Amino acid sequence: MDQFSTWLALVVLFCLLSLLFVVGYFLVNGVCTVPWVRTPTRYSRRMLELGGFQSGQTVVDLGSGDGAIVFEAVKMGGIGIGVERLRLLVWYSRLLAKIKNVSHKASFSPSNVLTDPLPSADLITCYLFPGVNRKLEPRLKASFPPGTRVVSRDFSFPTLKLIHVEQVHSAKIHVYEI
Ligand SMILES: C[S@@+](CC[C@H](N)C(=O)[O-])C[C@H]1O[C@@H](n2cnc3c(N)ncnc32)[C@H](O)[C@@H]1O
């Protein structure tokens with residue numbers, strides 16, 4: 001095989017493996033699942049500020065991905081809990097917490113926010129699709145005291161009391177009260 005054929009074979013192999021990964025991901029998680037998209041610091045910091053998050057308080061991020069919002073809360077002097085259904089992301093977040101030396105302030109639970117018990121917290125953050133928010137809403141009302149703030153990136157909740165909306169670059173941050 002000449003050099004060109006070797007490279008071509010490697011590219012084809014890479015494409016096939018990528019396709020296999022994508023198909024596997026959707027088979028495991030369902031086609032309509034919320035994908036992991038990270039919230040960068042410039043949004044997560046503002047989400048926490050708009051939620052009135054204070055040093056010493058606890059935030060729970062529902063669908064926590066790699067823990068971006070949880071780690072931002074820790075930077076602000078608080079405690080962060082991540083709830084994430086993809087175990088791989090939970091393990092990765094825990095590893096990051098160890099590397100950052102904040103495992104005592106940042107914890108991650110491999111749970112489904114629609115079926116498993118929700119941890120108590122002073123503030124709730126999320127970046128989920130509207131369909132998930134709709135199913136989540138009655139659970140929030142049942143699990144958290146009235147007045148608890150819910151900060152949602154981009155997507156709205158149907159009946160929670162909306163108290164503020166702010167556009168931060170390309171993200172729309174909704175602040176609700178239960
Ligand atoms: C758009 S990402 C947001 C990640 C993180 N909150 C952030 O802002 O960086 C949504 C995350 O929610 C998770 N997720 C979706 N549905 C979930 C469910 N029912 N229970 C727990 N996690 C869920 C996904 O796996 C994904 O990591």
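The dialogue below goes from the whole chain to single residues.

Tutor: Let us begin with a caution: this is a predicted model.

Student: How many helices and strands does the protein have, and in what pattern do they follow one another?

Tutor: A survey of this kind starts with the elements and their order. The protein has 5 helices and 7 strands. Along the sequence they follow the pattern α-α-β-α-β-α-β-β-α-β-β-β. The C-alpha trace spans about 70 × 35 × 35 Å along its principal axes.

Student: Into which domains is the protein divided?

Tutor: Domain 1 covers residues 1-31, and domain 2 covers residues 41-177. The C-alpha centres of domain 1 and domain 2 lie 34 Å apart.

Student: How many residues surround the ligand, and which are the closest?

Tutor: There are 23 residues around the ligand, and the closest are W36, T39, G63, G65 and R85.

Student: Let us turn to a helix. How does the reach of α4 stand against the span expected for it?

Tutor: One compares the distance between the end C-alpha atoms with the span expected at 1.5 Å a residue. Helix α4 (residues 87-99) has 13 residues and reaches 18 Å, close to the 18 Å expected.

Student: Which residues of α4 are buried, and where do they lie around the helix axis?

Tutor: The buried residues of α4 are V90, S93 and A97. Seen down the axis, the buried residues of α4 fall within an arc of 65°, so they line one face of the helix. This face packs against β2 (79-83) and β3 (106-109). On the other side of α4, L88, K98 and I99 are exposed. Just after the helix, N101 takes a positive phi of about 60°.

Student: How many residues of helix α3 are buried?

Tutor: In α3 (residues 68-75), 6 of the 8 residues are buried, so this helix is largely enclosed by the rest of the structure. The buried residues are A68, I69, V70, F71, E72 and A73. Their cover includes α2, β1 (58-62), β2, β3 and β4 (123-126). Just after α3, G77 has a positive phi of about 90°.

Student: Now a single residue. Why does M47 count as buried?

Tutor: M47 counts as buried because it has 28 C-beta neighbours inside 10 Å. Its place is in helix α2 (residues 41-50). Leaving aside neighbours within four places in sequence, M47 is in contact with I69, T125, V151, R153 and I173.

Student: Where does T148 lie, and with which residues is it in contact?

Tutor: T148 lies in the loop between α5 (130-143) and β5. With 18 other C-beta atoms within 10 Å, T148 is partly exposed. Apart from neighbours within four places in sequence, T148 is in contact with I124 and I178. The C-alpha atoms of T148 and G67 are 81 residues apart along the chain and separated by 21 Å.

Student: Where are D154 and H169 placed, and is each exposed or partly exposed?

Tutor: Here one reads the backbone angle together with the surroundings. D154 has a positive phi of about 70° although it is not a glycine. D154 is in the loop between β5 (149-153) and β6 (161-168), and is partly exposed, with 17 other C-beta atoms within 10 Å. H169, likewise not a glycine, has a positive phi of about 50°. H169 is in the loop between β6 and β7 (171-177), and is exposed, with 9 other C-beta atoms within 10 Å.

Conventions
Residues are numbered from 1 along each chain as its sequence is written. This is a predicted model: local features need pLDDT of at least 70, side-chain atom pairs count only at pLDDT 80 or more; totals for chains, interfaces and linings use all residues. Domain bounds come from an automatic or database domain assignment. A residue is near a molecule or strand if its C-beta atom, placed from the backbone, lies within 6 Å of it. Helices (H or I, at least four residues) and strands (E, at least two) are DSSP runs, numbered from the N terminus. The expected span of a helix is 1.5 Å times one less than its number of residues. A residue is buried if 20 or more other C-beta atoms lie within 10 Å of its own, exposed if 12 or fewer, and partly exposed in between; C-beta atoms are placed from the backbone. The arc is that of the directions from the helix axis to the C-beta atoms. Two residues are in contact if their C-beta atoms, placed from the backbone, lie within 7 Å.
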